[in-house]
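Open the model in your viewer and keep the selection panel at hand. This tour goes stop by stop.

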Amino acid sequence: MFGKYSLGLLISALAGTSVAQPDISMSVAADAKPPSKDITFMLAAQWRASQCFYARAKENDKMFLSFQLRNAKPEFEVTIKDPANKIVYSSTANEHGDEERVFFTAKVPGEFSFCFENSDSTEKIIYMELSVTSYSASKSKTPDPLLLMINDANKALQQLQK
């Protein structure tokens, strides 16, 4: 079950109308983490307009953020902060393209922030996917066959080098 989140502005963002946008938060309850949540949102046509999203994680949970610009130039900044307000990831407009993927492991439990900030005065529509996978769930999954093949090839290569 999800905690607070609001998607009311998505219809107006996709329709191209202008609306005042409060921060959207997407808080995931610790006992029921979905595999992922995708959202399309609008950054207002205003310099330094920002939009933040929030997700809860436990220590060692795997977190994933993917974003894709649907229009305009990639003139926006992305910052991910941990519950202690330390920067986990930061990318300025010149450091990323239209699409980016970020994977990391939560080092501390709590609410992480995922913020997008406009670096120019052009309206932007951004598709975002946010995923939190619990450490215990990721440990209990069957290993990825591709990773197993890579590990086997690596072991064989090491044997050949001996």
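The stops below cover a sheet, then aromatic rings.

This is a predicted model, where local features need pLDDT of at least 70, side-chain atom pairs count only at pLDDT 80 or more, and totals for chains, interfaces and linings use all residues. Residues are numbered from 1 along each chain as its sequence is written, and side-chain values use heavy atoms, with hydrogens and water left out.

**Stop 1: the sheet.** Select β1, β8, β3 and β6. They form an open sheet of four strands in the order β1-β8-β3-β6, with antiparallel pairing. β1 (37-43) and β6 (99-105) are at the edges; each has a single partner strand, so one side of each lacks a neighbour in the sheet. On average, neighbouring strands here are turned by 20° against each other, direction ignored. Strands are DSSP runs (E, at least two residues), numbered from the N terminus. Two strands pair if DSSP finds at least two bridges between them. Axes are lines fitted to C-alpha atoms.

Stop 2: Zoom to β3 (residues 62-69) and β6, which pair in the antiparallel sense over seven bridges. Now pick Phe64: its bridge partner in β6 is Phe103.

**Stop 3: the rings.** How many aromatic pairs does a search of the whole structure find? It finds nine. Rings of Phe, Tyr and Trp (its six-membered ring) pair if their centres lie within 6.5 Å; planes under 30 degrees apart count as stacked, over 60 as edge-to-face and the rest as tilted. Select Phe53 and Phe116. Their ring centres are 6.1 Å apart and their planes at 85°, so the pair is edge-to-face. Phe53 sits in strand β2 (residues 50-57) and Phe116 in strand β7 (residues 110-118), 63 residues apart. Both Phe53 and Phe116 are buried (under 20% relative accessible area, 1.4 Å probe, protein chains only).

Terms used:
Axes fitted to C-alpha atoms, helices over the stretch in contact; angles between N-to-C directions. Buried < 20%, exposed > 50% of the residue type's maximum accessible area, 1.4 Å probe, protein only.
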